[in-house]
Amino acid sequence: MRLAVQYCPYCGEQDLRPREEPAGAWECADCRSTFVITPVHQEARR
Ligand SMILES: [Zn+2]
C-alpha cells in the first residue's frame with residue numbers, strides 16, 4: 001500500500017508521480033526530486 005503524498009517537500013508542487021524504485025518513492029514532475037515517504041505508525045483508535 002502506497003501512501004498518498006500531497007506536496008513535494010522540496011518545491012511544494014503537487015504534480016507527483018509514483019516511482020517503482022525505490023519502494024514507496026515519488027518523483028516531483030516540477031523539480032525532478034525523488035523522495036521516499038517513510039510510514040510512521042500512528043494510533044488510529046480514539
Ligand atoms: Zn518538487
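These legends walk you through a few close-up views of a predicted model. Residues are numbered from 1 along each chain as its sequence is written, and side-chain values use heavy atoms, without hydrogens or water. Local features need pLDDT of at least 70 and side-chain atom pairs count only at pLDDT 80 or more, while totals for chains, interfaces and linings use all residues.

**View 1. The protein as a whole has 0 helices and 3 strands.** Helices (H or I, at least four residues) and strands (E, at least two) are DSSP runs, numbered from the N terminus. Starting at that end, the order of elements is β-β-β. The C-alpha atoms fill a box of roughly 40 × 20 × 10 Å along the principal axes.

**View 2. Cys8 and Cys31 link distant parts of the chain.** Cys8 sits in the segment before β1 (16-18), and Cys31 belongs to the loop between β2 (25-28) and β3 (34-36), 23 residues apart. Cys8 is buried, at 3% relative accessible area, whereas Cys31 is partly exposed, at 30%. Buried means under 20% relative accessible area, exposed over 50%, and partly exposed in between (1.4 Å probe, protein chains only).
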